[in-house]
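Good morning, colleagues. Please keep the structure in view as I speak.

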Amino acid sequence: MAVVNIIWIDDEIESLQSQKIFLESKGYKVTTLTNGFDAIDYVKENPVDVVLIDESMPGITGLETLAKIKEVNSQIPVILITKNETEGLMNEAIGNQISDYLIKPVNPNQVWLSLKKIIDNRRLVAETTTSAYQQQFRNLFMALNSNPDYNEWMDIYKKLVYWELEMEKSDSPEMQEILQSQKSEANTEFFKFISRNYASWLNPKNTGGPIMSHTLIKTKVLPHLEKGKPLFFILIDNLRVDQWKAIQPIFAESFRILEEDSFYSILPTATQYARNAIFAGMLPIDIEKKFPNEWKNDNDEGGKNQSELEFLKGQLNIVADKNFKFSYTKVLNNSAGLELVNNIHNLMNNDLNVVVYNFVDMLSHARTEMEVLKELAGDEISYRSLTTSWFEHSPLHQALKKIADKGVRIVLATDHGSVRVKTPYKVVGDKQTTTNLRYKHGRNLNYESKDVLAFRDPREVGLPVPTINSSFIFAKEDGFLCYPNNYNYYVNYYKNTFQHGGVSMEEMIIPVVRMESK
């Protein structure tokens, strides 16, 4: 391991020789200086890993020295040492981005612990994370093989996402590979579970089953609706659980998170089906019956999500008090986002405000088409990072910050997730067959039954029958459905892109979160 270079600045440095000797015995190289001017010059000319600095020095104070050092190298960690315990000094020190704050007199172990926290933090966290996952591996394995129900599957996926995020801190490619293998095994079992149980969940006679797209508003939104207390239902299209966890800390700055839950997207896990089901409060087959002019099948002309407001009004007329005031806002581009920012205070006059935000879905589709985004979001880690960066600087975040202190209540959810596809499966169909990579419907589909979940009668799972004898098939795990024509071209083009519409934990088990202003 490389030697760590430390400079220690104190006008009484002679009294700290024993501390210097102690740190050197631990392998650190310690250079001592007696004033801030020398320290600034030293940092300009020498590599420095950590600065220890006394606050009270003649000539130039520790905080003044700190500011000058940060001008030279803003990344150098600085530990401020002082006799002064006033809140004002602490606030100023934190504002100057110190890494730690020690009160005199300090003992050698205090300084050593602070240095380890700064220098060895990433390595120690990685080692602990790897060890903890090794201990949990068997528990997850047993859970996968104990015939879990739909609640237990949500818990399994939540734990896998937790470890996936924790493993970002680890420098162990081997452990990350083991986790991905376990996640893949989980998706194999999840596909079997959905194949066995999905149709029964949608049977009108079945009172069991999880909360799904068509019951989301009734069970997770409307119970929190109160006259005169604005509730925002925010639906971010195509947001996976891991992406929610990535942006959660940004929400937590302004809002208290009361409940983090999951629900199941209906199949296909695609916007036109899942989101319309959310707003209508009914399955697609019933939407088609009640709204024959508004419902569009895949091959019908026109936008497939143009009637969400009509569907929402229909649901609210049935299940909500007629006196409630509500609004519906759909954000498809930045200018619509800025309109939301400018109008957000007016929405406070409503009891319910529904906001649909489409950026993550557009990011997923654009990533498929644009080489630069394929580079920027090459895997799940970078995809999460891109989502976080978007949300932090988005009009949605700006709008929510403007009303964060107004006693706001929020239910945040999504319509479906996405999965990075890797395994191509051949499908043959006629000209009416749909083009989606994760699901298809048509009259003469030819496929390997082991590769897909198939429903020859779409009505069995609450789906319309687009044409006579149409059947639906859904890709499993990380598969994507390709035609034999130009097979190799399409395989190479779409492999490792994020797609949705099929059966995977990432697409079907999705977040619903309730929060309120702090």
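Let me begin with a cut-off: a residue is called buried when its relative accessible area is under 20%, exposed when that value is over 50%, and partly exposed in between. Please bear in mind that this is a predicted model.

Consider C482 first, which is found in strand 17, residues 479–482. Is C482 buried or exposed? Its relative accessible area is 3%, so C482 counts as buried. Setting aside residues up to four places away in sequence, C482 touches P424, Y425, K426 and V427, and also Y487 and V491. N469 is 13 residues from C482 along the chain, and the C-alpha atoms of the two are separated by 21 Å.

I turn now to the interior. In soluble globular proteins, nonpolar side chains tend to be buried together. In this model, the largest nonpolar core comprises 69 residues. Which residues have the most contacts inside this core? They are W153, F190, I194, Y198, F233 and Y264. Helix 8, residues 173–201, supplies the largest share of this core, with 9 residues. A further core lies apart from it and has 34 residues, including I234, I236, F255 and A404.

Leaving aside neighbours within four places in sequence, Y198 is in contact with M212, I266, L267, F455, V461 and M508.

Next, the strands. Which strands does strand 19 pair with? One of them is strand 7, residues 255–264, which is antiparallel to strand 19 and joined to it over 9 bridges. Within that pairing, D261 has V512 of strand 19 as its bridge partner.

Finally, the surface. F137, F141, M142 and I178 make a nonpolar surface patch of about 330 Å². Helix 6, residues 121–144, contributes the most to this patch, with 3 residues. F137 lies in that helix, helix 6. With a relative accessible area of 31%, F137 is classed as partly exposed, whereas C482, at 3%, is buried.

That concludes my remarks, and I welcome discussion.

Conventions. Residues numbered from 1 in each chain as written. Predicted model: local features only at pLDDT ≥ 70, side-chain atom pairs only at ≥ 80, totals over all residues. Heavy atoms only, no water. Patch = residues over 30% accessible without salt bridge, like charges linked within 9 Å, V, L, I, M, F, W, Y side chains within 5 Å. Areas by Shrake-Rupley, 256 points an atom, 1.4 Å probe, with all protein chains shown as cover. Salt bridge = Lys/Arg side-chain N within 4 Å of Asp/Glu carboxyl O. Helix = DSSP H or I, 4+ residues; strand = E, 2+ residues; numbered from the N terminus. Buried < 20%, exposed > 50% of the residue type's maximum accessible area, 1.4 Å probe, protein only. Pairing = 2+ DSSP bridges. Core = buried A, V, L, I, M, F, W, Y, C linked by side-chain atoms within 4.5 Å. Contact = heavy atoms within 4.5 Å.
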